[in-house]
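Subject: Structure handover

Hello,

Please find the structure below. My notes on it follow.

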Amino acid sequence: MIKAAYKTRQQELLISYLEESCGKHFTAEDLKKHFEEQNISLGTATIYRQLEKLVSEGKVLKYFVDEHSAACFEYLGGNCAEDEQHFHLKCEVCGTLFHLECEELAEIKSHLFKDHGFELNPFRTVLYGTCQNCRK
């Protein structure tokens, strides 16, 4: 007997938010703040449990930017695909993590493999610097 997937209102709210945020990076704390601003009670443990479930299903990508930051997540549904070439930029001033699709960086990835035998993982590649807003 196959057990049907059980969906709660909290799961539906979380999935709905993730679908609207496709391609954006977020932490569990970002989700908690979002739902608090909407006056929706969604516990931290519930958020983590649902995110881990979505990671195991391949619907959400989980990665760690550095040893000092919380785990980062990215929803892969909709128009996003795990095999898309994208990199990440992290502002050292405000801490914002940016999703970057850039053909020139994809060429660098190709060069590293072809000429140096090194396969770069773009999902775990983070370039650090200062974002446009913080430079003002």
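Strand β4 (residues 87-91) pairs with strand β5 (residues 97-100) in the antiparallel sense, over 4 bridges. Here helices (H or I, at least four residues) and strands (E, at least two) are DSSP runs, numbered from the N terminus, and two strands pair if DSSP finds at least two bridges between them. This is a predicted model, in which local features need pLDDT of at least 70 and side-chain atom pairs count only at pLDDT 80 or more, while totals for chains, interfaces and linings use all residues. Residues are numbered from 1 along each chain as its sequence is written, and side-chain values use heavy atoms, with hydrogens and water left out.

Within the pair, L89 stands opposite F98 in β5. β4 and β5 form a hairpin with 5 residues between them, and G95 in the turn has a positive phi of about 85°.

β4 has another partner: 4 bridges join β4 to β6, and these two run parallel. The bridge partner of K90 in β6 is Y128. Together the 3 strands make an open sheet in the order β5-β4-β6, with mixed pairing. β5 and β6 (126-129) stand at the edges with a single partner strand each, so one side of each is left without a neighbour in the sheet. The twist averages 25° from one strand to the next; axes are lines fitted to C-alpha atoms, for helices over the stretch in contact, and angles run from 0 to 180 degrees between N-to-C directions.

There is also an open sheet of 3 strands in the order β1-β3-β2, where the pairing is antiparallel. Its edge strands are β1 (25-26) and β2 (60-63), each pairing on one side only. Helix α3 (residues 44-56) packs on this sheet and touches β1, β2 and β3 (contact means heavy atoms within 4.5 Å); the direction of α3 makes about 105° with that of β2. β2 and β3 (residues 72-75) are joined by 4 bridges and run antiparallel. Y63 stands opposite C72 in β3.

How many aromatic pairs does the structure hold? There are 2, where rings of Phe, Tyr and Trp (its six-membered ring) pair if their centres lie within 6.5 Å, and planes under 30 degrees apart count as stacked, over 60 as edge-to-face and the rest as tilted. In one of them, the rings of F26 and F73 have centres 6.0 Å apart and planes at 20°, so the pair is stacked. F26 lies in strand β1 and F73 in strand β3, so the pair ties together parts that are 47 residues apart in sequence.

Regards
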